[in-house]
Amino acid sequence: MDILRFLTAGSVDDGKSTLIGRLLYDSKNILIDQMEALERSSKNREDGSVDLALLTDGLRAEREQGITIDVAYKYFSTPKRKFIIADAPGHIQYTRNMVTGASNSDLIIILIDARNGVIEQTKRHSIIASLLNIPYVVVAINKMDLVDYSEHRYNEIVAQYQEVAKSLNLKNVTFIPISALNGDNIVDVSENIKWYTGNTLLNLLETTELQSSTNLTNGRFPVQLVLRPQTDDLHDYRGYAGQIESGIFKKGDTIVVYPSGVSATISAIEVNNKLVQEAFAPQSAVLHLEEDVDISRGDLIVKPDNLLKINQEIEALVCWMDDKPMNLRNRYLLQHNTKVVPAMIKGIDYKLDVNTLEKQTDITQARLNEVVKVQLKTASPLAYDSYQQIRTNGGAILIDETSFVTVGAVLFI
């Protein structure tokens, strides 16, 4: 059974947490003790109903303010698929949290309040979805019950958002009219929106094709561990363990090891301690090579192609995630997959307005939640891809050298 990772995003009070609560509740994914806890927490509500938003708004500060601050993860499954939900905050000051939740998502649900239509934060979330190259976008037009389930209002918002999607080159965009509070078109087909003949939200999530979000063409295998048991039974055993980030590796394939650039041939492949003829993303595997090659943790085994870049000076977009600003010439540790290398901020080209996509130049620092284009200089060559082409090998993080705190999310250009 495969796993769909998806993110919910929207403005404050658009109903993200309620949507997830309704999805879990109607799909029978809430345990009895969770339900009892919800009922106790909701006992003071005037209408006596259960507040489903409390399933994800777990932080006390969130409950007091009535908003989602952190990224709350929930896991559930149906007979057809498993799901990991990231409920991202809506406020602009939590852009870093949304970038974190979106970085591994296959799909994003952007909620729009049917009363308000497309607003500034809708565009901001769509811009982030575009920057992070999320394969599928679902626009859930929520609170349809508050506009009398108007088909005309729904069509107005669809037209508004189609202009946004066109400007950002978003693909695979689907629209669904819903009411998270009442459960319309979440799991069951709504009796109130009979003019809509498409999928319910859950049906769409269950049937979204994931194959297109996994690159099976360009082979990328970051080495996590070199296995040398050196026992009597395995005296000559040398295997390179890790997770295949993209592509397919087969016995007999010619590969190249970076940053050294040495070529070799795959002699054997192990998956789950069994010899196999091939392994593919996102499997964990052990590769064996015919040649005796010097390989260590952090090296990248690739199938030769023309997409891979090997540089010490790298262009990247960085979402800054630390209270302490990023300044020119600052030094950090750059972690890319299993490789960690010292890096310096050589230049800051511009700051990107995540509401309008306007570029502000003459920038010398980046503050919390800001997105900037930078020039990185690494201490040794780095083998990487453009994030837009291969997400799994196109992202990294910046780490403070002294505190080891993650301070920036990096998207290679």
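Tutor: The conversation below moves from confidence to overall make-up, and then to individual elements.

Student: What kind of model is it, and which cut-offs apply?

Tutor: This is a predicted model, in which local features need pLDDT of at least 70 and side-chain atom pairs count only at pLDDT 80 or more, while totals for chains, interfaces and linings use all residues. Residues are numbered from 1 along each chain as its sequence is written, and side-chain values use heavy atoms, with hydrogens and water left out.

Student: What pLDDT does the protein average?

Tutor: The average pLDDT (the predictor's confidence in each residue, from 0 to 100) is 87, and 87% of the residues score at least 70. Over residues 59–63 the pLDDT is below 50, and in the model this stretch has 12 contacts (heavy atoms within 4.5 Å) beyond near neighbours in sequence. Where pLDDT is low, predicted coordinates should not be read in detail.

Student: How many helices and strands are there?

Tutor: The protein has 7 helices and 25 strands. These are DSSP runs numbered from the N terminus, with helices (H or I) of at least four residues and strands (E) of at least two.

Student: And what share of the residues counts as buried?

Tutor: Of the 413 residues, 52% are buried. Buried means under 20% relative accessible area, exposed means over 50%, and partly exposed lies in between, with a 1.4 Å probe and protein chains only. Residues 24 or more positions apart account for 70% of the contacts with a separation of 6 or more.

Student: Which residues touch the most other members of the largest nonpolar core?

Tutor: They are Phe6, Ile108, Ile109, Tyr161 and Leu205, in a core of 69 residues. A nonpolar core is a set of buried Ala, Val, Leu, Ile, Met, Phe, Trp, Tyr and Cys residues joined through side-chain atoms within 4.5 Å. Helix 6 gives the most to this core, with 7 residues. Apart from it lies another core of 23 residues, including Leu334 and Phe412.

Student: Take Ile109, then. What is it in contact with?

Tutor: Leaving aside neighbours within four places in sequence, the contacts of Ile109 include Phe6, Leu19, Val138 and Leu205.

Student: Now helix 5. What does its buried side pack against?

Tutor: The buried residues of helix 5 pack against strand 1 (3–9), helix 4 (95–102), strand 4 (107–113) and helix 6 (151–168). Among those buried residues are Arg124, His125, Ile127 and Ile128.

Student: Why is helix 4 called largely enclosed?

Tutor: Helix 4 is largely enclosed by the rest of the structure because 6 of its 8 residues are buried. Met98 and Val99 are among them. For helix 1 (residues 16–26), 9 of the 11 residues are buried, so helix 1 is also largely enclosed by the rest of the structure.

Student: Where does Asn133 lie, and what is its phi?

Tutor: Asn133 lies in the loop between helix 5 and strand 5 (136–142). Its phi is near 55 degrees, a positive value in a residue other than glycine. Most residues other than glycine have a negative phi, and most peptide bonds are trans. At 27% relative accessibility, Asn133 counts as partly exposed.

Student: How far is Lys171 from Asn133?

Tutor: They are 38 residues apart in sequence and 9.7 Å apart in space, C-alpha to C-alpha. Lys171 counts as exposed, at 56% relative accessibility.

Student: Changing topic: which peptide bonds are cis?

Tutor: The bond from Tyr258 to Pro259 is cis, with omega near 15 degrees. Another cis bond joins Ala281 and Pro282, with omega about 5 degrees.

Student: Finally, how does strand 20 pair?

Tutor: Strand 20 (residues 339–352) pairs with strand 19 (residues 331–336) in the antiparallel sense over 6 bridges. Pairing requires that DSSP finds at least two bridges between two strands. Strand 20 also runs antiparallel to strand 23 (residues 371–384), with 8 bridges, and to strand 21 (residues 359–360), with 2 bridges. In the hairpin of strand 19 and strand 20, 2 residues lie between the strands, and Asn337 takes a positive phi near 55 degrees.
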